[in-house]
Amino acid sequence: MEQYLPILRNSPFFKGLSDCEILSILHCVNAVTVSRKRDSYIFRAGDATEVMGLVVSGGVLIIQEDFWGHRNILSKCHAGDFFGEPYAASPGAVLNISVVADEDSEILFLNVQRLLVSCPTACEHHQKLIRNLVSVLANKILILNDKITHVGKRTTREKLLSYLSAESVRQSSLSFDIPFDRQQLADYLCIDRAAMSTEISKLQKEGFIKTNRKHFTLTAQNEDGSFCH
């Protein structure tokens, strides 16, 4: 597990823990590593799980799919991010989401129930980990709230501008990369890809944005009607 320490040190789940404490925790929660090819499922809706996943390389999509294969992307997890922790922390809970590898990925599975049982030695790092878990779960709620804000807009344009504005604020820059390709962005915002592409083209022509693949630059309009970058 030592080879994953550079990733784990930067994960909010292990914030404030030394390398020795991290390795001790991995042993405590029966950590195991699995590899998944792109587009393969890691969790499927309808299953139950006792483990949560931590991405140590690659990336995964948290999705919901209906019977006909229509996909709604809830979020994307990169190296250092967790997924499945609310379900793993609730014994018997059935997943209403699926997790799919967005690229070839390595995943670390951790048994959450081992964290929720009082440590017999009352070790300090165990308590830190529980606090960090609460923080991770709270952050997931904020991410979900952001998505609700975007998809709650009435039009495709409003959804796009809401998302791009939020990303600009989150990354503290008018020029930034988004984690999604065009189809994934459409699935995340719950809009038709063709309609979205048309709206992006309009926004570019009107001078509101510039874009190249996953890179976007927002422009602000001056009082005289010109645009600044």
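View 1. Strands are DSSP runs of E with at least two residues, helices are runs of H or I with at least four residues, and both are numbered from the N terminus. Two strands pair if DSSP finds at least two bridges between them. The model is predicted: local features need pLDDT of at least 70 and side-chain atom pairs count only at pLDDT 80 or more, whereas totals for chains, interfaces and linings use all residues. Residues are numbered from 1 along each chain as its sequence is written, and side-chain values use heavy atoms, with hydrogens and water left out.

**View 2. Strand β4 (residues 59–65) is largely enclosed by the rest of the structure, because five of its seven residues are buried.** Buried denotes under 20% relative accessible area, exposed over 50%, and partly exposed the range in between (1.4 Å probe, protein chains only). β4 and strand β5 (residues 71–78) run antiparallel and are joined by seven bridges. Glutamate 65 has arginine 71 of β5 as its bridge partner. The two strands β4 and β5 form a hairpin with five residues between them, and glycine 69 in the turn has a positive phi of about 90 degrees. β4 also pairs with strand β7 (residues 98–101) in the antiparallel sense, over four bridges. Here leucine 61 stands opposite valine 100 in β7.

**View 3. Helix α6 (residues 156–171) meets helix α7 (residues 182–189), and their axes come within 11 Å.** The axes cross at roughly 105 degrees, so α6 is roughly perpendicular to α7. Axes are lines fitted to C-alpha atoms, for helices over the stretch in contact, and angles run from 0 to 180 degrees between N-to-C directions. Angles under 35 degrees count as roughly parallel, over 145 as roughly antiparallel, 65 to 115 as roughly perpendicular and the rest as oblique. Lys159, Leu160 and Tyr163 of α6 meet Leu185, Tyr188 and Leu189 of α7, contact being heavy atoms within 4.5 Å. The residues of this contact comprise five nonpolar, no polar and one charged. Nonpolar covers Ala, Val, Leu, Ile, Met, Phe, Trp, Tyr, Cys and Pro; charged covers Asp, Glu, Lys and Arg; the others, Gly among them, are polar. The buried residues of α6 include Lys159, Leu160 and Tyr163. Following α6 is serine 172, whose phi is positive, near 55 degrees.

**View 4. The three-stranded open sheet has the order β9-β11-β10, with antiparallel pairing.** β9 (175–177) and β10 (209–212) stand at the edges with a single partner strand each, so one side of each is left without a neighbour in the sheet. Neighbouring strands of this sheet are turned by 20 degrees against each other on average, direction ignored. Three bridges connect β9 with strand β11 (residues 215–218) in the antiparallel sense, and serine 175 stands opposite threonine 217 in β11. Helix α6 lies across β9, β10 and β11, running at about 100 degrees to β9.
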